[in-house]
Amino acid sequence: PLDAMPQTLPTSHPSPDQQSPRAVIYVAELPTAVSGTLQEVRARGGWLESDESKIRLTVGAPVRLQLLAPQMRSVPSKVERIETGPKGVRYRLSWDPVQAPEL
């Protein structure tokens, strides 16, 4: 059997997920990690959006943000705010501006 012809054709524009770098948050002193995509990155902080809603971090927790390709580096960070929604959890992270991710 053949798949039916799609109603809309894909565009050549990348989706927002493809433009956002993947990252993992590692909790200091605990065997816990949360993966997601970095959003709204600024000199002093940004958001990590994750669909891993079963893992909960706490506000004020020191974490290590591990940036995946292309940077592959680690940034000491702190959880400043947590927002939950139907698509998962958003973690507002802060970091030293000298170590800010370059996107």
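Trainee: Before we start, when do two strands count as paired here?
Mentor: Two strands pair if DSSP finds at least two bridges between them, and please keep in mind from the start that this is a predicted model.

Trainee: Which other strand is joined to strand 1?
Mentor: Strand 4, residues 62-67, is joined to strand 1 by 5 bridges, and this pair also runs antiparallel.

Trainee: Take Tyr26, then: which residues stand opposite or bridge to it?
Mentor: In strand 2 the bridge partner of Tyr26 is Ala33, while in strand 4 Tyr26 stands opposite Arg64.

Trainee: Stepping back, what does the protein as a whole contain?
Mentor: Its secondary structure comes to 1 helix and 6 strands, and along the sequence these follow the pattern α-β-β-β-β-β-β.

Trainee: And how much of it is buried?
Mentor: Of the 103 residues in the protein, 33% are buried. The protein exposes about 7,300 Å², and carbon and sulfur atoms supply 54% of that area.

Trainee: Changing topic, is Ser50 buried or exposed?
Mentor: Ser50 is buried, because its relative accessible area is 5% and the cut-off for buried is under 20%. Its place is in strand 3, which spans residues 45-50.

Trainee: What does the Ser50 side chain reach?
Mentor: The side chain of Ser50 reaches the backbone nitrogen of Glu52 at 3.0 Å. Leaving aside neighbours within four places in sequence, Ser50 is in contact with Val34, Ser35, Gly36, Lys87, Gly88 and Val89.

Trainee: Where is Ala43 found?
Mentor: Ala43 is found in the loop between strand 2, residues 33-39, and strand 3.

Trainee: Why does Ala43 count as partly exposed?
Mentor: Ala43 counts as partly exposed because its relative accessibility is 44%, and that class lies between the 20% limit for buried and the 50% limit for exposed.

Trainee: Last one: what share of contacts joins residues 24 or more positions apart?
Mentor: Among contacts in the protein with a separation of 6 or more, residues 24 or more positions apart account for 47%.

Terms used
Residues numbered from 1 in each chain as written. Predicted model: local features only at pLDDT ≥ 70, side-chain atom pairs only at ≥ 80, totals over all residues. Heavy atoms only, no water. Helix = DSSP H or I, 4+ residues; strand = E, 2+ residues; numbered from the N terminus. Buried < 20%, exposed > 50% of the residue type's maximum accessible area, 1.4 Å probe, protein only. Polar contact = N/O pair within 3.5 Å; in protein donor to acceptor, adjacent residues only side chain to side chain. Contact = heavy atoms within 4.5 Å. Areas by Shrake-Rupley, 256 points an atom, 1.4 Å probe, with all protein chains shown as cover.
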